[in-house]
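Reader: Hi! I'm new to this one, could you walk me through it?
Author: Happy to, let's open it up.

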Amino acid sequence: MASWLFARSRTFFSTPQRSKPFFFLPFLNHSSSSSFQSTTLPHRNSPTLFCFSRHESTKADAQLELEHDVTEDDANQAIDFPGGKVGFTSEMRFISETAQKRVPCYRVLDDNGELVKYSNYVQVSKEMGVKMYSHMVTLQTMDSIFYEVQRQGRISFYVTQMGEEAVNIASAAALAPDDIVLPQYREPGVLLWRGFTLQQFVHQCFGNTYDLGKGRQMPIHYGSNKHNYFTVSSPIATQLPQAVGAAYSLKMDGKSACAVTFCGDGGTSEGDFHAAMNFAAVMDAPVVFICRNNGWAISTPVQEQFRSDGIVVKGKAYDIWGIRVDGNDALAVYSAVHTAREIAIREQRPVLIEALTYRVGHHSTSDDSTKYRAIDEIEYWKMTRNPVSRFKRWVERNGWWSDKDELELRSSIRKQLMHGIQVAEKAQKPPLEDMFTDVYDQVPSNLQEQERLLRKSIEKHPKDYPSDVPL
């Protein structure tokens, strides 16, 4: 379907600038006007087509169209600035702070799981649909069990994805295995989709010898080189500029792949977000930025986070196409990410996706969100806007799922996780020496000294250190 959209929408302009295709999904195009322009979302048989072209952003002789309301006399006076021709105006006018109308949100399924009339979306097969729903249920079950395990004191920390299962699974389903993923910390569903086993998730949370990170990271800081999934890093937004670098590397190597990176709404307040956006735009890097705007940056609501119309409009300043999508609509997320990936690779340009969703769970097991938001608000999103329930209704309506399938799946996942926890708890902890290895080829003298002092402290105060760590 995405290829059909791409092929059907290709058009060329008689202009010396490089011409680019347009897409039916409503990606915001910021390259040629002071006001937002976007493709519409017409019916497949609609005769109305809207198109736009892209200027060469990396060339100094790029020419942007002048403002429509600049007078003819003013337009005839212009300066050939290094970044392109800039017209003069005799009117002193400041750019307004925001558009009067908010950017619309692309969706395919309504809250009851029914297709919205005239929806344009990337088609999903029965196999894909069932797999997506099964993984959403698996992620939901994994969160429920791990949360209780942490509360029992058996693991030290956990972060749930409750309410954001669609962003996790649908985005992962739309990508290819060669695409490089740089997550924040609320995207384990992407790794689950790529083949990371439930037992591997459990081993990481328990930090035993089977943990790929050798117990050096906090729980939920997953990573897998095999699955092209960079290890989670706690500092906010550091993964964003790194993703641009990875994308540019793919571009230099001529790979038919892109980098995909995730962040929350709070991450867009970090300088790394803006540095990454500018870096990506200037270098024409094939990277897809997916922002999970879930309403809260821990206890800070979005209205205290920024004055702009959410996240998607932030791409305007950097000449980056963007789309706002219903993050609780798995089909909409899948379609948007699938198409954004094609744009990033074929167009060799970055794309920004803002997924409007809601963090139903606490920020982490160290947080109590009822202290700063109403319980009624949480319950509304948990019950009425639940992404798993919505997608389930659509799958059932297609005749692809039954109550028997539901019971068997949830029972199987729960048994696998409970067994995995028993195995992980019995596994040995990584040896003490692993704290000092895998960074340098030859361990430097300062680290050798630290290890010596640590062993001396353990020998002197053995009761102050865990007895299950091999020395």
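**Strands, cores and a pocket**

Author: Let's start with a strand pair: β10 (residues 321-326) runs parallel to β11, and 6 bridges link the two. Strands here are DSSP runs of E with at least two residues, helices are runs of H or I with at least four, and both are numbered from the N terminus. Two strands pair if DSSP finds at least two bridges between them. This is a predicted model, where local features need pLDDT of at least 70 and side-chain atom pairs pLDDT 80 or more, while totals for chains, interfaces and linings use all residues. Residues are numbered from 1 along each chain as its sequence is written, and side-chain values use heavy atoms, leaving out hydrogens and water.

Reader: Which residue in β11 is the bridge partner of V325?
Author: That is A355.

Reader: And what other strand pairs with β11?
Author: Strand β7 (residues 287-293) does, also in the parallel sense, over 6 bridges. There, V288 stands opposite V351 of β11.

Reader: Is β11 mostly covered or uncovered?
Author: Mostly covered: of the 6 residues in β11 (residues 351-356), 5 are buried. Buried means under 20% relative accessible area, exposed is over 50% and partly exposed is in between, using a 1.4 Å probe and protein chains only.

Reader: What do β10, α9 and β11 make together?
Author: A right-handed β-α-β unit. With the strands pointing away from the viewer, the path from the first strand over the helix to the second runs clockwise.

Reader: Switching topic, which residues touch the most others in the largest nonpolar core?
Author: M132, F146 and F391, in a core of 78 residues. Helix α9 (residues 330-347) contributes the most, 11 residues. A nonpolar core is a set of buried Ala, Val, Leu, Ile, Met, Phe, Trp, Tyr and Cys residues joined through side-chain atoms within 4.5 Å.

Reader: What is M132 in contact with?
Author: Beyond neighbours within four places in sequence, its contacts (heavy atoms within 4.5 Å) include I169, W193, Y334 and F391.

Reader: Nice! And which residues lie nearest the centre of the second largest pocket?
Author: G215, K429, P430, P466 and V469, among 29 lining residues. A pocket is an open set of points on a 1 Å grid over the protein atoms alone where a 1.4 Å probe fits, with protein on both sides within 12 Å along at least five of seven lines; lining residues have an atom within 4 Å of a point.

Reader: Which helix gives the most to that lining?
Author: α6, with 3 residues.
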